[in-house]
Amino acid sequence: MPRAGSEHIAGKGDKSRIVAFSQLPPKQTLDKCLACHANSIPRSQIRRSSHTLAQVACTGCHSIHRSPTPKSLLAKTQTDLCSSCHQTVKAQFSLPFKHRVLEGAMSCTDCHNPHGAAAPTWRMGARPRMVDAALGNEEPCLKCHIDKRGPFAFEHTAVRVDGCEVCHSPHGSANARLLRRPAVFTLCLECHNGADSFGRQGDGVKLTPSFHNMADPKYRNCTTCHVRVHGSNADARFLR
């Protein structure tokens, strides 16, 4: 049985005797690559990943012969490669408060699996954009922010059900701590507004106490008192 590429060599570079990935449709390219690269769990979701469904083939990101990167045969450095398509995300990394991806302190694959991620266990199962789960099927945020992991005696439901993104913009924000709103109390009141029929007991999210006058600036920074907002082992109201 002839070795791979042997006919191409025997034909002195005859292009008709070798697979030309540049001329293959995305599905055939994927099938060819997975003939060897199918035995990896991180690539187990690749056929239904957002990239594959958008007709992005392996060779759209990987350079087989002339890769400038020391591993993974990427066509460009990872940050440049991802941002070549995800321009809006790249812009978010230039906001005043952001994860330092453009500075090289971390990379996109610290949080995302470009080959497709399994169904998440947060945000009610609504799939984030190929966000990879950390140990214990947790959000990748907890790989670095381990003090937010718990388990806590008193859990903040928003953290466990909706996930970090319900309060934070993961790539970058104009607000401190990557918050989605500039004032903390406006963020908290998105849930703590007295809406009923919510939660495991169906008793709703309680309103703020009557003595919390939101017209008074001293009550507007909720985390001044509720400092353990991600979860507490001491107080059900997440107080200090």
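**A walk through one predicted protein model**

Hi everyone, let's begin with a pocket: the lining of the second largest pocket holds nine nonpolar residues, six polar and one charged. Here Ala, Val, Leu, Ile, Met, Phe, Trp, Tyr, Cys and Pro count as nonpolar, Asp, Glu, Lys and Arg as charged, and the others, Gly among them, as polar.

Before going on, some ground rules. This is a predicted model, where local features need pLDDT of at least 70, side-chain atom pairs count only at pLDDT 80 or more, and totals for chains, interfaces and linings use all residues. Residues are numbered from 1 along each chain as its sequence is written, and side-chain values use heavy atoms, with hydrogens and water left out.

Now, the whole protein. Along its principal axes, the C-alpha trace spans about 85 × 35 × 25 Å. Buried residues (under 20% relative accessible area, with exposed over 50% and partly exposed in between, using a 1.4 Å probe on protein chains only) make up 23% of the 240 residues.

Let's zoom in on threonine 29. Is threonine 29 buried or exposed? Threonine 29 is buried, because its relative accessible area is 1%. Leaving aside neighbours within four places in sequence, its contacts (heavy atoms within 4.5 Å) are Phe21, Leu24, Ala57, Cys58 and Thr59.

Phenylalanine 211 tells another story: with a relative accessible area of 54%, that residue is exposed.
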